[in-house]
Amino acid sequence: RLPAYMVPAAYVRLERLPVTANGKLDRRALPAPEDDPSARRGYEAPQTETEQALAEIWSEVLGIERVGRGDNFFALGGHSLLAVRVISRVRQALGVEMPLAHVFSHPTVESLAAHLSVPEAPVAADRAIAVRATGSEPPLFLAYTGAGSVAYSQKLHPHVRGDVPVYALPAPPLSDAAPRTVEEMGARLVRMIREVQPAGPYRVAGWSFGGVLAYEIASQLIAQDETVEFLGMLDTYAPAYFRALPPMDAADADAGGRGETAPQSAGFVDGDGDAELEAYVARLRAEGRLPGHVTVPQFREMRARGRVNDQAAQGYDPRPLPVVVHHFSAQESPMVDEPSRGWRDLLPEGSLQVTPVPGTHQSMMDPPNAAVLGEALSRGLRSRRRNGVGASASSADV
């Protein structure tokens, strides 16, 4: 018997498993299931006109023949860029202006249709997204990645213990007034967190560049004499270690919620001209390094955001914190020689707990790796709560 999240959505029969030259399983050579995974879970037809419209929109955007009212947008392969397309199609088909946060907080056709049927006040852009609002324990806040995505929160939260509410901290819109340093970005996210949870103990984590943001969030909360019970970084490179790495290719940035192959963000090459950029994007698609749905304007926005966050990470100089840092390192990353990703050089002995998890930097969020990561994260949360461990400026020598 398996818990629901571990039951396969589809099965593929193979004569033999593909292996690499050294005899290990070649995951990249595994074929994708050909049939609709929703058929495996049981199909329930949309009931209302709004549900039918949303199901048609999801079917079009996701490239799936049939979408049921209970289907989860992200479980069907959705991510942040496709969610933007859903918002555009909802505006055209239903005449409704819908914030991106609603796709994350209401990820099924049924729940989103019910939410759209209730008039509400406009949602501010700088607010935490309730991925899972219920639970008896303090919430876990997940910071956005270097490409500005919080879609990984949808992949991860089903595997985090159910009594922990989960909130995603979204990136700001790209503008001249947007934060340009990690400290400014952290202050913005601290304000979001305090709107949801005015006082500690706090729990924060982040994937890739999001881990750097989580570290700065913890630093500011501790400086405000608040208790940080848990600080998690999901395959996050220390800024000093990151600065020593060679520039990364633009295609290694998060191209749709799947994560960033590079450390927090990417150093970007190639020109800015429309024709030049269009040829570059076409080449990346042909090489399989960029999903076919990513348009040139979307790629341009990803690149611009990546540059901002890359510069922010390069200029960030963190100081040791009086709290245990939980680092979850991807075992199949090219940087396997340094599982702490450089944080061991900054943090004193006993202040860093490194937990290896399966996958590469990007595949650690894909099934079945996300389940292992979620369980490891839950163990870390449970251990800090059981031991009553946390840190504030008044309880430790900063």
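Guide: The secondary structure of the protein chain comprises 12 helices and seven strands, where helices (H or I, at least four residues) and strands (E, at least two) are DSSP runs numbered from the N terminus. This is a predicted model, in which local features need pLDDT of at least 70 and side-chain atom pairs count only at pLDDT 80 or more, while totals for chains, interfaces and linings use all residues. Residues are numbered from 1 along each chain as its sequence is written, and side-chain values use heavy atoms, with hydrogens and water left out.

Visitor: What percentage of the residues in the protein chain is buried?

Guide: Buried means under 20% relative accessible area, exposed over 50%, and partly exposed in between (1.4 Å probe, protein chains only). Of the 398 residues in the protein chain, 51% are buried.

Visitor: Which individual residues illustrate these classes?

Guide: Thr 355, in strand β7 (residues 352-357), counts as buried because its relative accessibility is 18%. Arg 307, in helix α11 (residues 296-314), is partly exposed at 31%. Glu 65 lies in the loop between α2 and α3 and is exposed, with a relative accessible area of 78%.

Visitor: Which residues have the most contacts inside the largest nonpolar core?

Guide: A nonpolar core is a set of buried Ala, Val, Leu, Ile, Met, Phe, Trp, Tyr and Cys residues joined through side-chain atoms within 4.5 Å. The largest one here has 88 residues, and Trp 58, Phe 73, Tyr 215, Leu 231 and Leu 234 have the most contacts inside it. Helix α8 (residues 209-223) contributes the most to this core, with nine residues. A second, separate core has eight residues, among them Leu 277, Tyr 280, Val 296 and Phe 299.

Visitor: What does Leu 234 contact, leaving aside its neighbours within four places in sequence?

Guide: Contact means heavy atoms within 4.5 Å. With those neighbours left aside, the partners of Leu 234 include Tyr 152, Leu 156, Trp 207, Phe 328 and Met 364. Phe 328 is also touched by Thr 355, together with His 327, Ser 329 and Ala 376, not counting residues up to four places away in sequence. Across the protein chain, 74% of the contacts with a separation of 6 or more join residues 24 or more positions apart.

Visitor: At what angle do the axes of helix α7 and α8 cross?

Guide: The axes of α7 (residues 182-196) and α8 cross at roughly 70° and come within 8 Å, so the two helices are roughly perpendicular to each other. In this contact, Leu 189 and Ile 193 are among the α7 residues, and Leu 213 and Ile 217 among those of α8.

Note on methods:
Axes are lines fitted to C-alpha atoms, for helices over the stretch in contact, and angles run from 0 to 180 degrees between N-to-C directions. Angles under 35 degrees count as roughly parallel, over 145 as roughly antiparallel, 65 to 115 as roughly perpendicular and the rest as oblique.
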